[in-house]
Amino acid sequence: MNENGETIVPFQPEDEVNPEEPPCGKDSFNVDGVNKRTKKEQLKGTKNSIEVLQIPQDEQIKETNISPYQPHPPSLPKPSNVGKGSRNISFEEKIRRRRLRSSQESLTDPAETGSSTDSLREDATPALSSALELKNGQITGRGDFDRAAGESPPFRERCSSLPEADKHPRGQSRLAEQRAKPSRIILSPLHATGAFPPVEYNVASMSLRTTNRIDRDCLDYGKRGLAERLHRNFSDSRLLETMVSDSTSVNSMKSTFSALNPIRPKDVRNRSFLEGSVLGNGALLGPEELDRYFPDRHVGIYIATWNMQGEKGLPNNLDDLLLPTDTEFAQDFYIIGVQEGCPDRREWEIRLQETLGPYYVMLYAAAHGVLYLTIFIRRDLIWFCSEVEHATVTTRIISQIKTKGAIGIGFTFFGTSFLFITSHFTSGDSKVYERILDYNKIIEALALPRCLPDTNPYRSTASDVTTRFDEVFWFGDFNFRLSKDRGGIEAILNQHIREDMGPLLQHDQLCKEMKDGSIFKGFQEAPIHFPPTYKFDIGCDIYDSTSKQRTPSYTDRILFRNRQADDIKVVKYTSCSSIKTSDHRPVIGMFQVKIRPGRDNIPLGAGQFDRPVYLEGIRRRITRELKRREAVMKNQSNSTVCSIS
């Protein structure tokens, strides 16, 4: 009896359990004979197991002490009529308890804690054949499984080619070998048929990407909203159908799929980017391509105008001019117009490139004397721009003096045409009429466009260049003043500082002339909520303190005009008060402009930009960053740390 008060039933040999069943040969094993056993034979086997209990105890002890190297025979389930005081339980429950005890004994028995190789060498593994019946593709006969496993010939006996004399050494009987069989099934180890495939160290390798793949039905395993994040990152939803949707291979996906939209071979065969497309379907500038880059069909435009007063020294940092901290995102286009620019125009363009960094390239730049107009664009949008054209106009009587006049740059982005004009009008408090003449001369003499097709020729007039483009921005130093004395202007400023500048704008010459319709016909201006930008003492926020005592005025302005109503939305309109190297404060404006799809009937720019400016600007940006880090490390090394002992 064991510690649980149950009688240990010795293992019954195969030939005693069912003597009528023919023994198995060396190399053959009949599974069908086991599977076709009738219920009568099963009851007879149970009866034989009960008769085993009548074997004398001393004979059992004698037979069990065969060899110290043989494992202890397993315990068999107690018959239903054995054991006093035990409650009647089902046969299934008894089998379950026997399996549990066998597993616990295997874990605690030191003789069964050896390696798998030793177990295979010394233990005889019973076969997995049992009295299982396949019915409609399902396995039945659960109660006969363990008994059939004990009755089956051992694995080594069925598969080995050794003779009988080697299988049964002298001094050991077949009964002892059967009694020494373990209760657990030991499987042979699996060996690789070949070398394992090499694993690449690159995270973009196919093996790693396959390993980290998550089933589409188990997307809830990771963080929720992964599909939505991928949909935002990859604008084409069809890309998600062929893409690995897991968080661990998002970076590796880009090496295969990229953030760009996939192109099918038939699209490459059919689409032509240089020949005209009548309907615009499948065009590079068509609606499909536009919706991929701009789902809401709006583009961000940043405009800055600044009268630099011809200073040779540029500000140390232009971040406040182009990248204000109170804006959430950078814009798609940066247009910078300068009046009375610095003598070194190339240096100015490189400084702009250095400030904007590698995300932007200089699409075009033009100059007229000391008037500079520069256009930067995000580098991934340059392919959707047409060829760029520019024209200049001089408003001076002597054309060789190019301090007053205008520069115009025109191009088409997708199907929307743009015109940017920066100008410098005649100065003087009372020269309003001369400034109107400058305006009229510019709109008549600015010869644009030249080769670009007009997107809406029915609304164009030959006498006004601003009617020949969809979106027009005109900015610069217009030199319109406030028609009020200096004392009155300062009194209003003191009362309405940081508030609505309506009381000041009532005296503004430009607002008056625009209301009368004598200048800037069809143009609009955003509400002004910043103080006058002219004229300051250099390096401070004090208006002109010289003997001239010039009246503060809004000379620097940004105006806009569009063919379709509400195409241009003002996001921001203010001045940059942190740049004080000139007597003018820069004025900046941010706009959202509606974009329409185009057709392939325009001359494309083919990705042209100023490469030398780009390379020099990025080189300076890297050098500046390295110097900053070196200075930080030097300061840290020179700093002393006080310690308390």
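1. Contact here means heavy atoms within 4.5 Å. By that criterion, and leaving aside residues up to four places away in sequence, threonine 467 touches Arg459, Ser460, Thr461, Arg561 and Arg563.

2. This is a predicted model, in which local features need pLDDT of at least 70 and side-chain atom pairs count only at pLDDT 80 or more, while totals for chains, interfaces and linings use all residues. Residues are numbered from 1 along each chain as its sequence is written, and side-chain values use heavy atoms, with hydrogens and water left out.

3. Threonine 467 sits in the loop between helix H18 (432-445) and strand S10 (471-477); helices (H or I, at least four residues) and strands (E, at least two) are DSSP runs numbered from the N terminus. Its relative accessible area is 9%, so threonine 467 is buried (buried is under 20% relative accessible area, exposed over 50%, partly exposed in between, with a 1.4 Å probe and protein chains only). The threonine 467 side chain reaches the backbone oxygen of aspartate 464 at 2.7 Å.

4. In helix H19 (residues 486-495), Arg486, Gly488, Ile489, Ile492 and Leu493 are buried. Viewed down the H19 axis, these residues fall within an arc of 165°, so they line one face of the helix (the arc is taken from the directions from the helix axis to the C-beta atoms). The face turned away carries the exposed residues Asn494 and Gln495. The buried residues of H19 pack against helix H20 (502-505).

5. In H22, Val613, Tyr614, Gly617 and Ile618 are buried. The buried residues of H22 pack against helix H17 (345-356) and strand S5 (360-368).

Note on methods: Polar contact = N/O pair within 3.5 Å; in protein donor to acceptor, adjacent residues only side chain to side chain.
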